[in-house]
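Here is a friendly walk through one structure, with a few stops along the way. Have the sequence and the coordinates open as you read.

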Amino acid sequence: MAAAKRNILVTSALPYANGAIHIGHLVEYIQTDIWVRFQRLMGNRVLYLCGDDAHGTPIMLRARSEGVAPEQFIARMNQEHREDFARFGVKFDCYYSTHSPENEALCYLFYERLKAGGHIVHRDIEQFFDPVENIFLPDRFIRGQCPNCKAPDQYGDSCEVCGKHYSPTDLINPKSAVSGAVPERRSSRHFFLHLEDFRDQLLELIRGGLVDSAVANKLEEWFGKELKDWDISRDAPFFGFPIPGEANKYFYNWLDAPIGYLAALAKNLGGGAADAEEYWKLDDLEVYHFIGKDIIYFHALFWPAMLIGAGLKPPTKLCVHGHLTINGEKMSKSRGTFINAAQYARHLDTQWLRYYFATRLSASPADIDLSFEDFCNRVNSELVGKLANLISRAAPILTRLLDGRTGIVTVDALPVLNEFRNAESQIAMDYDQRNFAAVTRRICALADKANKFVEEQAPWSLVKTDEEAARGVLTAALECGRILMIYLKPIVPEMAAHVEKCLNIRPQTWRDIQNSMESHVINPFEHLTGRVEERKIQAMLEENKTDTTAAAAPGVPATPTATEEPLAPECSIEQFSAVDLRVGRVIHAEAIEATDKLMKVEIDAGPLGKRTVLAGIKKACTPEELTGRLVIFCANLAPRKMKFGTSEGMILASGPGGKDVFLLSVDQRATPGQRVH
RNA sequence: CCGAGGGUAGCUCAGCGGUUAGAGCCGGGGACUCAUAAUCCCUUGGUCGUGGGUUCGAUCCCCACCCCUCGGACCA
């Protein structure tokens with residue numbers, strides 16, 4: 001009784017078109033691709049759609065700084081992204097872009113319907129404006145002194161020193177991070193989506209299984225209060241779609257980004273907005289969005305609200321995954337663990353990463369860790385030692401000594417083969433529920449059984465006395481290998497294709513698990529994949545230390561990354577020498593418990609005595625690392641009273657903050673109290 | 001501080017009310033030699049974060065506490 005074929009539309013989140021794809025992104029695309037390939041293997045109808053999120057201020061500014069038109073810039077990114085995905089076997093039915101005529105038409109359609117439904121409201125808001133660049137500045141593009149702790153050079157939305165959140169208009173001495181100019185406060189009329197209109201439907205949706213329970217719990221929090229209106233407009237100049245009937249107003253790129261899923265659908269269907277809408281409305285169509293936990297808000301609230309408001313059904317399911325950490329820590333450019341997709345592919349087999357991610361992935365939104373040690377172990381012992389080895393040990397004997405012809409499986413193998421075939425439904429269920437870690441566990445357990453069977457039967461000895469018996473054993477071993485490869489096909493499609501070629505069989509589907517390949521001539525064995533060598537990983541990481549340009553901005557949609565810090569206005573030698581910088585030795589350091597960032601540091605400044613400095617470096621180093629080392633600090637900075645004491649100076653460091661703070665050093669022979677000239 | 005998730009062998013995790021708590025990897029000892037890539041057998045190793053409670057019985061349920069991770073009002 002074959003179940004009715006499902007009709008599924010699957011998306012991965014649209015990567016932001018201002019940077020390269022990195023291995024953090026790949027968690028999602030590989031996860032989605034595995035799921036899609038599995039559904040196809042089962043015979044279901046699947047459309048897998050994606051594309052670039054190509055609009056917004058960061059892209060506009062980036063293109064400008066490179067001296068090209070935004071269209072040209074995003075076209076190049078699109079090409080790069082496609083190449084990166086192809087390297088990892090991530091295969092879309094359509095990889096499109098939000099900057100497309102289909103998307104524009106759909107965007108207007110959504111807007112008109114939301115407007116007609118009375119869900120769009122207007123309000124004046126005050127924002128900073130860069131008079132040199134003539135643009136309104138997103139919060140992250142404004143820097144200034146924190147209104148709370150007075151730390152200099154903080155972002156417009158929150159302070160990295162004291163952790164306080166505020167509005168950019170609260171900053172002291174704000175500056176545009178783009179031009180360095182002093183921004184002006186300007187008022188502007190913005191458009192909002194009135195989310196409260198959809199409250200009941202959204203709650204029902206979330207409680208009805210749109211997301212798994214862990215995510216649903218999180219979402220419930222947001223319903224504790226009134227849902228805020230969502231600001232969907234941006235002022236000119238902006239790279240995006242103009243709002244119809246309005247002068248100098250554009251749609252915020254997060255409005256047109258999810259609509260981009262439909263645009264890709266339209267493109268794939270070779271039609272327009274109406275065709276996409278018609279397809280979306282098919283009764284049996286299931287819509288699955290694979291997303292990172294950082295964009296739950298957009299996909300669980302805004303997007304369903306937009307769909308409902310436009311008369312379309314909300315998604316069936318949001319598959320939320322966690323973020324990637326490397327060796328237990330966030331990817332970091334300074335640690336050299338920020339690895340781009342293309343860079344990985346230059347050094348290591350992309351099938352390995354697919355396999356490794358599979359062993360770590362489940363339906364949980366918890367972060368997943370890539371530990372290189374674990375990566376080596378799993379790939380070498382499981383993928384190579386257990387799985388590939390099974391075929392590699394059986395096929396060559398058959399080819400060399402028995403004309404490459406399989407026979408009838410030996411009766412001794414029947415229990416093993418039954419177990420292999422009976423695992424089918426459980427593995428299918430694990431795949432369907434995105435529990436790929438369980439899938440690989442089961443597959444490895446089966447591989448262990450098969451290897452044990454081969455070991456016991458010792459066909460390499462048997463062949464000397466009874467060729468047909470040996471043929472029966474090898475036939476069974478290859479049959480096991482074939483079934484394993486079907487199970488593994490969604491995860492390592494390239495390797496599975498090699499096996500199909502070697503076994504001389506047509507591309508296998510899930511149904512072939514129950515078939516057999518008795519009395520059949522196989523092809524000479526070709527190697528499937530190699531072992532991971534430690535030095536290759538080292539070579540990849542080494543490259544990162546020198547090639548800083550490879551570490552492009554993480555392309556998380558709508559999170560603008562800071563541009564380089566603008567050069568401060570010219571200063572005179574007098575002004576420079578007004579700053580008294582000294583060498584100091586840290587004699588004591590302790591983290592301040594009540595804060596995330598502050599460390600209390602006592603500095604021996606030689607003749608100047610001792611100073612206590614409260615520095616925002618708690619995340620970057622430990623008291624142990626700090627104690628005893630020499631630092632450079634500003635000794636004549638006015639003492640600053642802070643919540644946890646008075647800070648009598650400032651330790652010099654570079655880096656963006658958080659974990660990436662790099663203290664200035666001085667050669668060992670320097671002594672505390674010496675002035676820096 | 002508030003919220004969510006989690007703390008099970010050196011590592012990565014499974015188990016989630018019921019016989020002496022499991023797997024893989026790593027470590028140790030054998031065997032084998034078909035495997036460009038090895039495998040097989042044996043084996044060391046755990047008061048299941050801590051302290052209470054419910055129960056005939058708890059890793060699993062309840063309470064408190066500790067620790068880790070991730071979120072937290074206008075970026076949404």
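## Around the RNA

In this predicted model, RNA strand B is surrounded by 41 residues, and the closest are D139, K225, F302, S392 and F525. Which parts of the RNA face the protein? Of its atoms within 4 Å of the protein, 70% belong to sugar or phosphate, and the rest belong to bases. On the protein side, the surface near RNA strand B counts 19 charged, 12 nonpolar and 10 polar residues.

R378 places a polar side-chain atom 3.4 Å from a sugar or linking oxygen of RNA strand B. The top contributor is α12, with 11 residues.

## Aromatic pairs and charges over rings

Across the whole structure, 28 aromatic pairs turn up. Take F88 and Y344: their ring centres are 5.5 Å apart and their planes meet at 40 degrees, so this pair is tilted. The two partners come from distant parts of the chain, 256 residues apart, with F88 in the loop between α3 (70-87) and β3 (94-97) and Y344 in helix α10 (residues 341-347). F88 is buried at a relative accessible area of 0%, and Y344 is buried too, at 2%.

Elsewhere, ring pairs join W222, W230, Y252, W254, Y297, F298 and F302 into a cluster. One of these rings, Y252, also has R234 over its face, 3.8 Å from the ring centre. F302, another cluster member, is among the residues closest to RNA strand B. In a separate case, R186 has its charged end over the ring of F129, 3.8 Å from the centre.

## A covered strand

How many residues of strand β21 (residues 630-634) are buried? The count is five of five. In a regular strand, side chains alternate between the two faces of the sheet. Here both faces are covered, with L630, I632 and C634 buried on one side and V631 and F633 buried on the other.

β21 has antiparallel partners in two strands. With β18 (residues 581-591) the pairing runs over five bridges, and G584 stands opposite V631. With β24 (residues 650-651) there are two bridges, and M650 is the bridge partner of C634.

Definitions and conventions
Residues are numbered from 1 along each chain as its sequence is written. Chains are lettered from A and ligands numbered from 1 in the order in which they are written. This is a predicted model: local features need pLDDT of at least 70, side-chain atom pairs count only at pLDDT 80 or more; totals for chains, interfaces and linings use all residues. Side-chain values use heavy atoms; hydrogens and water are left out. Buried means under 20% relative accessible area, exposed over 50%, partly exposed in between (1.4 Å probe, protein chains only). Helices (H or I, at least four residues) and strands (E, at least two) are DSSP runs, numbered from the N terminus. Two strands pair if DSSP finds at least two bridges between them. A residue is near a molecule or strand if one of its heavy atoms lies within 4 Å of it. A polar contact is a pair of N or O atoms within 3.5 Å; within protein, one must be able to donate a hydrogen and the other to accept it, and residues adjacent in sequence count only if both atoms are side-chain atoms. Ala, Val, Leu, Ile, Met, Phe, Trp, Tyr, Cys and Pro count as nonpolar, Asp, Glu, Lys and Arg as charged, and the others, Gly among them, as polar. Rings of Phe, Tyr and Trp (its six-membered ring) pair if their centres lie within 6.5 Å; planes under 30 degrees apart count as stacked, over 60 as edge-to-face and the rest as tilted. A charge sits over a ring if NZ of Lys or CZ of Arg is within 6 Å of the ring centre and within 35 degrees of the ring normal.
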